[in-house]
Amino acid sequence: MSRKFLILCILSTFIAAASAQSVGGLAKGEEAPTLYELTAHSSLVVTARVISGQVKLAQVEVVEVFRGESRAGQRLQIAFRDLNLDLGKQDRVVFDDGETEILFLEPEVNWEGVRKGDDRYVLYRGRFGKVSLPREGDEIYLEALRVFASMASQKDHRKLYAQIRGLLGSPNPILAEAGLKETLRLDLMDRSLLPVVLSYLQDPAPGRRTQALKLLKGFFRNLKPEDHPDDDANDALSRVLVLARNDPVESVRVAAVQTLGNWNGEEVRPTLEAVAEQDPAQGVRYEAKVILLQRDQAAKKTPKPGS
């Protein structure tokens, strides 16, 4: 009886883990992993040319190794077909013969956790573990992967944080985006980064403008009352005020309004009121109204001087 129970427990654990690995979609509210996140958590990161994607296990030949134990010219087999059982047609994993792919891999194991073969792998994070390398502009990706692999091997957190902050301002958009996102995630934003973060408010990519606004949101939150007359802080505020009214992308205007909500001063009220009434997007108007309501409620709870 106890032996059967043990076997059932082992099988249940294996099935649950396999299901979690095989789902290639995202949970509600979850963002797709970045190349940095994929590199940092994969056992093996390579670029590889597809020899055959028509057989049960895709056959690939390694071109360059960024992380893990492999070598250029080595043949690998990738188990991927079970992933497609959980994916819609547009998300299905396909290996096209002759194409070069960036692969984020984990060893393929059986239900006992034993490797099926030294050359057999599965994609880390399902469909996100395979990224097609563009035929033009591929050096941007390769440079980013080399940098990310170096960062992933860094054991000293202080040096890693310095590397992350150093990505801000990079002409490589993949490195810049990773720098913005990781600086936010690790709460590394401080006054020294203000000039480079402000430069992203004029970036052509809405995603980078939004990430910069999120960093400024934290910066505003941490400002002390005596910091507000500071020229740098006021310069940042003026730029966010402009974006809240004028950015052509709704999601960026929402982020700008949320950033203004963290400014501890009434200088933002006229803009918030104007946005709450005049912005063409309901989502932006709603965000501004919520922030104004929260400010009014907080003001009522704050005792007046001399009371």
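Residues are numbered from 1 along each chain as its sequence is written, and side-chain values use heavy atoms, with hydrogens and water left out. Because the model is predicted, local features need pLDDT of at least 70 and side-chain atom pairs count only at pLDDT 80 or more, while totals for chains, interfaces and linings use all residues.

The protein contains 11 helices and 6 strands. Both are DSSP runs numbered from the N terminus, with helices being H or I runs of at least four residues and strands being E runs of at least two. Of the 307 residues in the protein, 41% are buried. Here buried means under 20% relative accessible area, exposed means over 50%, and partly exposed lies in between (1.4 Å probe, protein chains only). A contact is defined by heavy atoms within 4.5 Å. Among the contacts in the protein with a separation of 6 or more, 62% join residues 24 or more positions apart.

In soluble globular proteins, nonpolar side chains tend to be buried together. A nonpolar core is a set of buried Ala, Val, Leu, Ile, Met, Phe, Trp, Tyr and Cys residues joined through side-chain atoms within 4.5 Å. The largest such core in the model has 40 residues, and those with the most contacts inside it are Met 189, Val 197, Leu 213, Leu 216, Phe 220, Val 257 and Leu 260. Two or more residues of this core come from each of α5 (173–185), α6 (194–199), α7 (206–222), α8 (231–246), α9 (250–260), α10 (269–278) and α11 (282–301). Helix α8 gives the most, with 7 residues. When neighbours within four places in sequence are left aside, Leu 216 is in contact with Met 189, Leu 194, Val 197, Leu 198, Leu 201, Ala 236, Val 240 and Thr 259. Another core, of 22 residues, lies apart from the largest one, and its members include Leu 38, Leu 167, Ile 174 and Leu 188.

Helix α9 is largely enclosed by the rest of the structure, because 8 of its 11 residues are buried. The buried residues are Val 252, Arg 253, Val 254, Ala 255, Ala 256, Val 257, Thr 259 and Leu 260. Their cover includes α7, α8, α10 and α11.

Helix α5 also holds Glu 182, which counts as buried because its relative accessibility is 2%. Leaving aside its neighbours within four places in sequence, Glu 182 is in contact with Tyr 36, Glu 37 and Ile 164. In helix α4 (residues 157–167) lies Gly 166, which counts as exposed at 53% relative accessibility. Gly 166 and Gly 179 are 13 residues apart in sequence, and their C-alpha atoms are 7.5 Å apart in space.

Rolling a probe the size of a water molecule over the atoms shows where empty space is left. On a 1 Å grid over the protein atoms alone, a pocket is an open set of points where a 1.4 Å probe fits, with protein on both sides within 12 Å along at least five of seven lines; lining residues have an atom within 4 Å of a point. Grid points are joined across faces, edges and corners, and a volume is the space filled by probe spheres set on the points. The second largest pocket holds about 200 Å³ of space. Its lining consists of Pro 33, Thr 34, Leu 35, Tyr 36, Phe 148, Ile 174, Glu 177, Ala 178, Lys 181, Gly 207, Arg 208 and Gln 211. At least two lining residues come from each of α2 (35–41), α5 and α7, and α5 has the largest share, 4 residues. By class, the lining has 6 nonpolar, 3 polar and 3 charged residues. In this count Ala, Val, Leu, Ile, Met, Phe, Trp, Tyr, Cys and Pro are nonpolar, Asp, Glu, Lys and Arg are charged, and the others, Gly among them, are polar.

Two strands pair if DSSP finds at least two bridges between them. Strand β5 (residues 120–123) pairs with strand β3 (residues 75–79) in the parallel sense over 3 bridges, and Ile 78 stands opposite Tyr 121 in β5. Strand β4 (residues 100–107) runs antiparallel to β5 and is joined to it by 3 bridges; Leu 105 has Leu 123 of β5 as its bridge partner.

Most residues other than glycine have a negative phi. Arg 125, in the loop between β5 and β6 (130–132), has a positive phi near 60°. Asp 187, in the loop between α5 and α6, has a positive phi near 55°. Arg 125 is partly exposed, with a relative accessible area of 27%, whereas Asp 187 is exposed at 53%.
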